[in-house]
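Here is my notebook page for today. I looked up a few things, one at a time, and wrote each down in plain words.

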Amino acid sequence: AGSAWVRGLLGWARPERWLVPSSLFPLSCIHTSTSLQKFGKWEKKNRIVYPPQLPGEPRRPAEIYHCRRDIKYSKDKMWYLAKLIKGMSIDQALAQLEFNDKKGAKVIKEVLLEAQEIAVRNHNVEFKSNLHIAESMTGRGRYVKRIRYHGKGMFGIMKIVRCHYFVKLVEGPPPPPEPLKTGFDQAKEYVQQLRSRTLVNTL
Amino acid sequence: LVVVFPPLPRLRTLLQRCWGRLERGLLQGFSGGQSPPWGPALAVQAPAFSPQPAEDTGESNEASSLLDSILWMAAPKKRRTIEVNRCRRRNPQKLIKVKTNIDLCPECGNLKQKHVLCGYCYAKVKAETRLIRMEIRKKEGGPLNAPTVETVVLYDGEKPTEKDEGKRIIERARKRPSWFVQN
């Protein structure tokens with residue numbers, strides 16, 4: 001287990017990444033701060049390397065993490081699209097997004113197609129349709145404050161709103177949807193809870 | 001010894017009558033609206049009324065009514081908690097519904113909605129019609145030169161048939177597309 005952890009650690013520290021800084025290339029000098037952007041946690045999740053599986057274990061499904069940062073859209077509005085896609089197969093998700101009129105739908109479609117490409121190329125996924133969306137989330141991007149001019153010399157401060165979009169694709173067919181909880185089930189649970197109460201601090 | 005004679009009854013009645021008359025006279029004077037000249041004067045003078053203050057009171061009335069109406073305007077009493085906000089934003093009525101009217105186009109295999117033309121096929125047709133229209137424009141050479149006869153589009157290696165006798169012929173230098181059926 002210790003060796004597996006160490007191997008997992010070493011998996012992300014790949015030396016070729018350290019050759020990126022532009023100090024080695026004197027001509028393309030000026031952009032030192034944003035060299036390939038600071039990697040967030042979601043991007044790093046693609047780097048974990050598991051130890052080889054033993055012959056008896058069931059096959060671990062491939063997981064692909066992809067995201068897009070600083071999309072010019074509101075995170076609340078994007079959330080509705082992310083909620084639409086959650087748990088669908090990638091084909092169904094692309095179909096739904098294609099005929100949705102929201103601005104974020106186009107962006108998420110691009111992200112999903114990119115992720116599919118990456119899955120097939122880098123993550124040894126055999127069939128590009130055999131993916132489903134395990135997680136899809138939105139996050140708040142960097143907001144910028146600007147002045148909005150009103151009449152009579154009044155002004156307001158408006159926020160220019162951006163969001164991030166995160167998606168995790170997993171190989172395999174989508175899991176069957178959970179059956180909705182009926183009132184009867186909830187009542188049964190409640191009665192069970194009442195019955196399992198015990199006396200505290202007694203013999 | 002002092003002997004006080006009570007006033008004689010005739011004197012008393014006379015006095016009473018005189019007093020009554022005085023009082024009646026006073027009352028009459030009072031009903032006129034003016035205080036009696038020897039009545040107690042008001043310590044504080046009432047403010048003198050003039051035409052200007054009438055307008056001020058009018059304005060103050062409007063201002064007060066506006067303020068009153070502001071006081072009666074609807075305003076939230078309490079901050080809506082995030083739980084309440086989430087219940088409103090996430091209830092199924094506000095979520096995006098899953099569309100069930102998406103199919104595959106039998107021609108090109110792209111996705112299309114059932115009641116809408118396939119976007120890819122439509123774009124293809126649009127591009128070809130644009131080229132045909134450019135040819136027509138070249139032939140006509142200006143606006144308002146449209147002929148009064150029909151137009152026929154012929155592609156590579158096609159000859160006009162007997163049906164296309166009097167029609168205007170537009171040549172396109174490419175193979176006939178499969179979706180453009182010749183009559």
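Is A:Cys163 buried or exposed? I found that A:Cys163 is buried, with a relative accessible area of 0%. Buried means under 20% relative accessible area, exposed over 50% and partly exposed in between, with a 1.4 Å probe and protein chains only.

A note on my source: this is a predicted model, where local features need pLDDT of at least 70 and side-chain atom pairs pLDDT 80 or more, while totals for chains, interfaces and linings use all residues. Residues are numbered from 1 along each chain as its sequence is written, chains are lettered from A in the order in which they are written, and side-chain values use heavy atoms, without hydrogens and water.

Then I turned to where the chains meet. I saw that 12 residues of chain B are in contact (heavy atoms within 4.5 Å) with 13 residues of chain A. The buried area, meaning the accessible area (1.4 Å probe) that two parts lose on being put together, summed over both, is about 1,100 Å² here, and carbon and sulfur atoms give 68% of it. In chain B, the residues that lose the most area to chain A are B:Ile96, B:Lys99 and B:Leu111, together 46% of what that side buries.
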